[in-house]
Amino acid sequence: MKKLMLVMLIGVLAVLTACGNKESANSGDKKEITVGFGVGTYEEQFRQSIQPILEEKGYKVDIKTFSQNMQVNPAMKEGSIDASIFQSTAYMEAINEEINADMTGIAYVPGAPQGLYSVNHTTLDDVKDGTTVAVPNDPVNQERALRILEELGWIKIKEGAGVADFNINSMESDQFDIDIKVLDPAQILVSLQDVDYGVVNGNYIANSPDWKITDALKIENTPMQHRIIVSVNKKDENTQWAKDLKAAYESKEFEEYITSQEKYDGFILPEAWDNN
């Protein structure tokens with residue numbers, strides 16, 4: 001009888017241990033994470049500063065780089081990456097709807113603002129009817145770009161224009177009849193010689209040896225919805241690894257790395273650093 005009770009007790013303990021291990025595995029206490037990046041400077045920030053911080057905490061970090069930004073979020077949805085650093089809140093929310101994903105932002109990242117650049121003009125005063133301006137072809141960045149032109153009084157954006165579904169028909173002329181050229185964001189910087197002005201995403205400027213953010217003739221006042229975030233699937237928001245990733249981006253150590261690099265001059269810095 002005693003042997004039977006002992007066997008039963010061992011069986012119960014085994015079940016409880018298995019359940020406990022399963023709960024632990026599902027709790028987000030894992031120490032191996034995969035982080036995805038699109039084209040831009042955010043992977044370099046991660047490799048140079050965030051990855052070492054996480055490794056000091058015992059994490060094994062894999063980095064997956066995608067040749068096109070549109071590939072990152074589907075990878076997040078299918079679970080081949082755990083987090084991504086490349087997109088804004090507005091872009092993420094648009095993609096959530098488009099592919100029925102459930103991503104959320106957990107921290108802001110030092111991000112490069114869009115700016116209006118030119119190799120053919122040294123002033124904005126050269127604008128006139130027929131002036132050519134290159135803008136990004138994706139809706140979110142195109143909306144940002146045209147907001148810059150609207151602030152200058154060059155164009156008007158129609159009332160009720162959205163963000164995720166923004167397109168060139170969402171604008172109309174204002175002071176000038178501007179000739180808008182729609183290009184892939186990565187091509188605008190190398191195409192500046194072909195247009196009067198171009199609105200360039202700041203991460204391309206930061207990666208260029210010949211340009212600085214402060215070379216812009218006009219820099220956007222980037223709204224919160226367009227600032228770059230660390231995004232994860234909603235189910236992972238409160239996991240320990242996500243909290244540690246967030247803490248790394250808000251750390252004094254990362255702040256000191258960014259502010260010591262001249263290439264990041266002009267970047268928008270996270271408000272969380274005010275607490276460092």
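Modeller: Rings of Phe, Tyr and Trp (its six-membered ring) pair if their centres lie within 6.5 Å; planes under 30 degrees apart count as stacked, over 60 as edge-to-face and the rest as tilted. The model is predicted: local features need pLDDT of at least 70, side-chain atom pairs count only at pLDDT 80 or more, and totals for chains, interfaces and linings use all residues. Residues are numbered from 1 along each chain as its sequence is written, and side-chain values use heavy atoms, with hydrogens and water left out.

Colleague: How many aromatic pairs does this rule give?

Modeller: A pair of aromatic rings is described by the distance of the centres and the angle of the planes. Under the ring criterion, the count is nine.

Colleague: Which class, stacked or tilted, does the pair of Trp154 and Tyr197 belong to?

Modeller: The centres of Trp154 and Tyr197 are 5.4 Å apart.

Colleague: Where in the chain do Trp154 and Tyr197 lie, and how many residues apart are they?

Modeller: Helices (H or I, at least four residues) and strands (E, at least two) are DSSP runs, numbered from the N terminus. Trp154 is in the loop between α5 (139-151) and β7 (155-157), whereas Tyr197 belongs to strand β10 (residues 197-200). The pair links distant parts of the chain, and the separation is 43 residues.

Colleague: Is Trp154 buried or exposed?

Modeller: Buried means under 20% relative accessible area, exposed over 50%, and partly exposed in between (1.4 Å probe, protein chains only). Because its relative accessibility is 3%, Trp154 counts as buried.

Colleague: Which strand runs parallel to β1 and is joined to it by six bridges?

Modeller: Two strands pair if DSSP finds at least two bridges between them. The partner, at residues 60-65, is β2.

Colleague: Which residue of β3 is the bridge partner of Gly36?

Modeller: Strand β1 (residues 32-37) and strand β3 (residues 83-88) pair in the parallel sense over two bridges. The partner of Gly36 is Ser84.

Colleague: What is the phi of Asn100?

Modeller: Most residues other than glycine have a negative phi. Asn100, in the loop between α4 (89-99) and β4 (103-108), is exposed, with a relative accessible area of 66%. Its phi is positive, near 55 degrees.
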